Amino acid sequence: MSTGVTISSISDYAILGCGSVGYAVAEELAEQGKDVLIIDRDENRVESLRDQDLDARTADIREVEAAELVADRSVVLILASDVEANKQAVERIRDTNGDQFIVARASDPVSGDELADLGADIVINPSTVIADSALRALESGELEHNAATLAGLLEETTGRLAIVTQPSPDPDSIASGAALQAIAAHLGIESDIIYLGDIGHQENRAFVNLLGIDLLQWDDVQDQSVYDTVALVDHTSTEDLELEVDVLIDHAEPEEDIEPFFTDIRPNMSSTSTIMTKYIQEFDMNVSEEVATALLYGIRAETLDFKRDTTPADLTAAAYLYPFANHDTLEQVESPSMSPETLDVLAEAIANRDVQGSHLVSNAGFVRDREALMQAANHLLNLEGVTTTAVFGVAEETIFLAARSKDIRMNIGSVLADAYGEIGETAGHSTQASAEIPLGIFTGIEISDDTRETLLTLTEEAVKRTLFDAMGVEGEGNGS
């Protein structure tokens, strides 16, 4: 087929082998006004096709005669149930006509590979197609059922709905909360988005402020008894809530045993924002600019702008949201101004960096805003030759460590778990992770105002050595 020609622009087709699959394709192409020539060796079938005003001729698709009959056709679909016959048909057509576009039917992956090797441009397996179609129908039906169940549960709310994000919520959690709040409003339910901890990262603060998302700090809620329905979004822990959870929606499996009335956990999606976008579509809502912008940013943040663990569902959700989002606001969120505290932490991290090969570890000293460690780790990842960064500092008698990696051979979450999992708490995945380690864990010295500086000095080398060892670094690097 000549360069630049697309299948949608082609009007002449040939179908070799017109059983149930071939007939269904022929009928659809004919309805689209395409010129279709059918070749089949069954004379009775050919006669029946002619009675339906279809251009059909009798020939054995395995023979050169069939290849010559379809020589003037741009696309040839070889769809017989006999895969061996299909293989021979591909060979004959390639030997006879050369550059025609060939679609061939296989029966399994092995025959599919064989057909491709013989020259088929596209190979289809009907059983796979049917399975994919069934799974899509199942997913659609499951979402419809879940939406109806969720709506029924929310509509039983007599007071207010508490939508609880993860502690110190990230964009995915905040956006998911905003989406569920919009769904609740669509159903006539009043709700509040609630978080524990704080919103420390400047990008997250900009995100909330620019989009006008109202969040309540749990400790600031004066009357917690008003919430008779509780939903967790992108968050699976209840230890600080002391409330019974009714709804759980997340893209990751919960670490603790939670059994709410309604659960929707989808590890096959990379963000909870993707799940919430599907619900907004299922409820047939008019998504607001603020919610669309939040959800799109939530998906982009969780997938590192579609560069990490991105699924087809994430892409289709983003495509749906894109026309409704405010892209000027997105640009502002992604480029927030840097606070003096973050600048100080970054300067300290640059000055104290220790580089071994392509791995950088740095001590930022005592910090007031531990979220600045993550931003420093992000910035240092831009240094030439650096593929992995880790920046640690001390706050609240704890060593907080933030790490980033763009090395596809390394899972930085697993590295931190190996390095500090037995002495502290770690969390993260392949490209970003964090750790919290008691300050005195390496020395056994009791913590006081007089010993804090000494402890930091004593633990610095231990923290770095343990991490470099977990990274597999020998330690003979340039140590800049």
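The dialogue below treats these features one by one.

Reply: This is a predicted model, in which local features need pLDDT of at least 70, side-chain atom pairs count only at pLDDT 80 or more, and totals for chains, interfaces and linings use all residues. Residues are numbered from 1 along each chain as its sequence is written, and side-chain values use heavy atoms, with hydrogens and water left out.

Me: How do α9 and α11 cross, and at what angle?

Reply: Two packed helices are described by the angle between their axes and the distance between the axes. Here α9 (residues 272-282) and α11 (residues 312-321) have axes that come within 9 Å and cross at roughly 55°. Helices are DSSP runs of H or I with at least four residues, and strands are runs of E with at least two, numbered from the N terminus. Axes are lines fitted to C-alpha atoms, for helices over the stretch in contact, with angles from 0 to 180 degrees between N-to-C directions. The two helices are therefore oblique to each other (under 35 degrees is roughly parallel, over 145 roughly antiparallel, 65 to 115 roughly perpendicular, the rest oblique).

Me: Which residues make the contact of α9 with α11?

Reply: Contact means heavy atoms within 4.5 Å. On α9 the contact is made by Thr274, Thr277, Lys278, Ile280 and Gln281, and on α11 by Ala313, Asp314, Thr316, Ala317, Tyr320 and Leu321.

Me: Where does Asp53 lie, and what is its phi?

Reply: Most residues other than glycine have a negative phi. Asp53, in the loop between α2 (43-51) and β3 (55-58), has a positive phi near 65°. Asp284, in the loop between α9 and α10 (289-302), also has a positive phi, of about 55°.

Me: Are Asp53 and Asp284 buried or exposed?

Reply: Asp53 is exposed at 73% relative accessibility, and Asp284 is exposed at 68% (buried is under 20% relative accessible area, exposed over 50%, partly exposed in between, with a 1.4 Å probe and protein chains only).

Me: How many salt bridges does the structure hold?

Reply: A salt bridge is a side-chain nitrogen of Lys or Arg within 4 Å of a carboxyl oxygen of Asp or Glu. The structure holds 15. One of them joins Asp121 and Arg94, with the closest N and O atoms 2.9 Å apart; Asp121 is partly exposed at 42%.

Me: What separates Glu461 and Lys464 in α16?

Reply: Glu461 and Lys464 are three residues apart in helix α16 (residues 452-471), so about one helical turn separates them. Their closest N and O atoms are 3.5 Å apart. Glu461 is partly exposed at 45%, whereas Lys464 is buried at 6%. Salt bridges that share partners join Asp354, Glu460, Glu461 and Lys464 into one network.
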